[in-house]
Amino acid sequence: MAKPLEERSDEELKRGLAEGEFGDKKAVVAQEILRRRQEVKTEELKRKYTWFGSILAVVSVVLVAFRRFWRK
């Protein structure tokens, strides 16, 4: 008996979609599962590297402030 779609890895789902292993409805469900998993990964990366964007913004503001200060 085959595993449910939710329990399959990304690679198994991609391979199944590429080989036409799934019917129409299961293919749509598999694509949605892959999309949601990718969305979760993206959100984790955003959360993980938010501090980097903040530091970059602060450094940029400081550089602009110093340039304006030294011009006067």
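1. The model contains eight salt bridges, a salt bridge being a side-chain nitrogen of Lys or Arg within 4 Å of a carboxyl oxygen of Asp or Glu. This is a predicted model: local features need pLDDT of at least 70, side-chain atom pairs count only at pLDDT 80 or more, and totals for chains, interfaces and linings use all residues. Residues are numbered from 1 along each chain as its sequence is written, and side-chain values use heavy atoms, with hydrogens and water left out.

2. Start with Asp-10. Arg-37 forms a salt bridge with Asp-10, and their closest N and O atoms are 2.7 Å apart. This pair links distant parts of the chain, with Arg-37 in helix α2 and Asp-10 in helix α1, 27 residues apart. Helices here are DSSP runs (H or I, at least four residues), numbered from the N terminus.

3. Lys-41 also meets Asp-10 in a salt bridge, at 3.0 Å from N to O. Here too the pair links distant parts of the chain: Asp-10 lies in α1 and Lys-41 in α2, 31 residues apart.

4. How exposed are these partners? Asp-10 is buried, at 15% relative accessible area. Arg-37 is partly exposed at 23%, and Lys-41 is partly exposed at 40%. Buried means under 20% relative accessible area, exposed over 50%, and partly exposed in between (1.4 Å probe, protein chains only).

5. Now the helix pair. The axes of α1 (residues 10-19) and α2 (residues 24-48) come within 10 Å and cross at roughly 145 degrees. Axes are lines fitted to C-alpha atoms, for helices over the stretch in contact, and angles run from 0 to 180 degrees between N-to-C directions. The contact (heavy atoms within 4.5 Å) involves Asp-10, Leu-13, Lys-14 and Leu-17 of α1. From α2 come Ala-27, Ala-30, Gln-31, Ile-33, Leu-34, Arg-37 and Lys-41.

6. Which residues of α1 are buried? They are Asp-10, Leu-13 and Gly-16. Seen down the axis of α1, these buried residues fall within an arc of 135 degrees, so they line one face of the helix. The arc is that of the directions from the helix axis to the C-beta atoms. Their cover includes α2. On the other side of α1, Glu-11, Lys-14, Ala-18 and Glu-19 are exposed. Just after α1, Gly-20 takes a positive phi of about 70 degrees.

7. Salt bridges that share partners join Glu-32, Arg-35, Arg-36 and Glu-39 into one network.

Key. Helices (H or I, at least four residues) and strands (E, at least two) are DSSP runs, numbered from the N terminus.
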